[in-house]
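Hi there,

Here is the structure I promised to pass on to you.

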Amino acid sequence: MRIYTRTGDKGQTSIIGGRVDKDDVRVEAYGTVDEVNCFVGQAMTELDGEVFKDVLDDLEKIQHELFDCGGDLANVSAKRELKLGQESIDYLESRIDEFIEEAPELERFILPGGSKPSASIHIARTVSRRAERLIVTLIKTEEKVPEVCLQYMNRLSDYFFALARVINFRLQVKDVEYVRSAKVFRGGKRKEN
């Protein structure tokens with residue numbers, strides 16, 4: 001099987017229901033979702049299977065959902081069927097709540113890092129935020145954008161933040177607070193603006 005098609009040699013790519021330039025914001029959005037997926041895969045290789053079995057199960061589920069999200073973003077077909085649904089967002093929210101209960105309370109912002117897998121998850125978190133910003137841009141310019149993708153990426157970055165703290169906690173690595181941070185969290189959760 002050949003993986004090259006030569007159809008993109010002039011700077012365009014196929015999406016579900018059409019063709020667009022490779023630098024189209026839609027391609028940027030789903031390409032960034034793919035980037036998140038790669039960082040998740042990297043983090044998975046750094047996690048001990050016994051200590052983090054629940055997390056590894058979550059992350060594999062998330063990898064499939066990221067593929068779903070990317071496919072939904074790449075779909076402009078009139079016969080559009082979405083793969084990503086509200087149940088994925090609900091699951092992330094339940095896990096975030098569990099992680100917040102597990103990790104020590106937090107009052108200030110923390111520096112990304114601590115352990116290697118936590119640092120990898122922080123990278124996935126920031127790339128998720130970039131994907132979210134690109135989806136917002138796409139929504140402003142296009143009509144055919146599933147809002148569930150935006151909501152999912154928003155929740156996913158929160159999940160990654162909570163997970164990065166749990167990883168450090170289970171590995172007995174202390175989070176490093178940002179020394180010039182005001183108290184922005186109350187009871188482990190961020191103050192709402």
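The axes are lines fitted to C-alpha atoms, for helices over the stretch in contact, and angles run from 0 to 180 degrees between N-to-C directions. Helices (H or I, at least four residues) and strands (E, at least two) are DSSP runs, numbered from the N terminus.

A word on the source: this is a predicted model, in which local features need pLDDT of at least 70 and side-chain atom pairs count only at pLDDT 80 or more, while totals for chains, interfaces and linings use all residues. Residues are numbered from 1 along each chain as its sequence is written, and side-chain values use heavy atoms, with hydrogens and water left out.

Back to the helix pair. Helix 2 passes helix 5 in a left-handed crossing, meaning that the near helix is turned anticlockwise from the far one by less than a right angle (clockwise would be right-handed). On the helix 2 side, the contact (heavy atoms within 4.5 Å) is made by D54, V55, D58, L59, I62, E65, L66, C69, D72 and L73. Helix 5 contributes C149, Y152, M153, L156, Y159, F160, L163 and R170. By class, the residues of this contact are 13 nonpolar, no polar and five charged; Ala, Val, Leu, Ile, Met, Phe, Trp, Tyr, Cys and Pro count as nonpolar, Asp, Glu, Lys and Arg as charged, and the others, Gly among them, as polar.

Helix 2 also packs against helix 3. Here the axes come within 12 Å and cross at roughly 155 degrees, so helix 2 and helix 3 are roughly antiparallel too. This crossing is left-handed as well. D54, V55, D58, K61, I62 and E65 of helix 2 meet S88, Y91, L92, R95 and F99 of helix 3. That contact has five nonpolar, one polar and five charged residues.

Now to the charged pairs. The structure holds 14 salt bridges, a salt bridge being a side-chain nitrogen of Lys or Arg within 4 Å of a carboxyl oxygen of Asp or Glu.

- R95 pairs with D58, with the closest N and O atoms 2.6 Å apart. R95 lies in helix 3 (residues 86-102) and D58 in helix 2, so the pair ties together parts that are 37 residues apart in sequence. R95 is buried at 7% relative accessibility, and D58 is buried at 2%. (Buried means under 20% relative accessible area, exposed over 50%, and partly exposed in between, using a 1.4 Å probe and protein chains only.)
- R130 and E35 meet through their side chains at 3.0 Å, N to O. The pair links distant parts of the chain, R130 in helix 4 (residues 116-141) and E35 in helix 1, 95 residues apart. R130 is partly exposed at 31%, and E35 is partly exposed at 29%.
- R129 bridges to E132, with the closest N and O atoms 2.8 Å apart. The two are three residues apart in helix 4, so about one helical turn separates them. R129 is partly exposed at 28%, whereas E132 is buried at 14%.

There is a network too: D54, D58, R95, E98, E102 and R170 are linked by salt bridges.

R26 lies in helix 1 (residues 25-45) and is buried, at 1% relative accessibility. Beyond its neighbours within four places in sequence, R26 is in contact with I15, L73, A74, N75, V76, R80, L138, E142, K144 and V145.

S128 sits in helix 4 and is buried at 0%. Leaving aside neighbours within four places in sequence, S128 touches V36, M153, L156, S157 and F160.

Q172 belongs to the loop between helix 5 and strand 3 (185-186). Its phi is near 60 degrees, a positive value in a residue other than glycine. Most residues other than glycine have a negative phi. Q172 is exposed, at 74% relative accessibility.

Best wishes

Key. Angles under 35 degrees count as roughly parallel, over 145 as roughly antiparallel, 65 to 115 as roughly perpendicular and the rest as oblique.
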